[in-house]
Amino acid sequence: MQATTHLCPCCGKPRSIAHLLELYERNYRMLLRLIPQLERHAAGQQVVSRSQSDCPLHLEISACDRYTHTLRLTYEFTDEQGLRRQPDLWVRAYRDASLAEALECEHRPPWLARDDADPAAHAFLSAQWRRNLLLHKWLEYLLDNGHGFSAQTQALQAAAA
């Protein structure tokens, strides 16, 4: 993976915000492969992608603004404790900047650091890096297993079911 050249050799964390933004760009490209017509999805919309080799993938569009979409990607499981969602990732796609950021919750934590040497900067970058690397690897897995939310993919999945 290209990002490994930007990691600190001692801890595996990104060296700068620029490297994190490169990961956001790669996530956006992969997200558009999964949801090719993202801009046509409306807030409140919920769809399911089915794969012959994987669990059903649930997509929920929670918010649409002029330049962003906030969405949730998850698997849903029902067990003795009720409904579980895992992994359960909220993603904000910035269409104008071609970036996709995995959020911790609906809103990512604020940038509290005074400069790059501030420990808060390191903590923020580390948390964002882990979450967005998870998104990247999961998107890659989903695409490899035939998931997709295009009209054509949804029609093929419906015919196979």
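I began with burial: 40% of the protein's 161 residues count as buried. I noted that this is a predicted model.

The protein exposes about 9,200 Å². Carbon and sulfur atoms supply 52% of that area.

Then I went through the secondary structure. I found three helices and five strands. Along the sequence I read the pattern α-β-β-β-β-β-α-α.

I checked how far apart in sequence the contacting residues lie. I took contacts between residues at least 6 apart, and 51% of them join residues at least 24 apart.

Which residues touch the most other members of the largest nonpolar core? I listed Leu 31, Leu 34, Ile 35, Leu 57, Leu 71 and Leu 73. The core holds 23 residues. I then asked which elements supply at least two residues each. On the helix side I wrote down α1 (17–34) and α2 (119–144). On the strand side I wrote down β2 (54–64), β3 (68–79), β4 (82–94) and β5 (99–103). α2 gives the most, with five residues.

Last, I picked out Leu 57 and left aside its neighbours within four places in sequence. What is Leu 57 in contact with? I noted Leu 34, Val 47, Val 48 and Ser 49 among its partners. Leu 73, Thr 74 and Tyr 75 are also in contact with Leu 57. Two of the partners, Leu 34 and Leu 73, were already in my notes on the largest nonpolar core.

Conventions: Residues are numbered from 1 along each chain as its sequence is written. This is a predicted model: local features need pLDDT of at least 70, side-chain atom pairs count only at pLDDT 80 or more; totals for chains, interfaces and linings use all residues. Side-chain values use heavy atoms; hydrogens and water are left out. Helices (H or I, at least four residues) and strands (E, at least two) are DSSP runs, numbered from the N terminus. Buried means under 20% relative accessible area, exposed over 50%, partly exposed in between (1.4 Å probe, protein chains only). Contact means heavy atoms within 4.5 Å. Accessible areas come from the Shrake-Rupley method with a 1.4 Å probe; for residues, only the protein chains shown count as cover. A nonpolar core is a set of buried Ala, Val, Leu, Ile, Met, Phe, Trp, Tyr and Cys residues joined through side-chain atoms within 4.5 Å.
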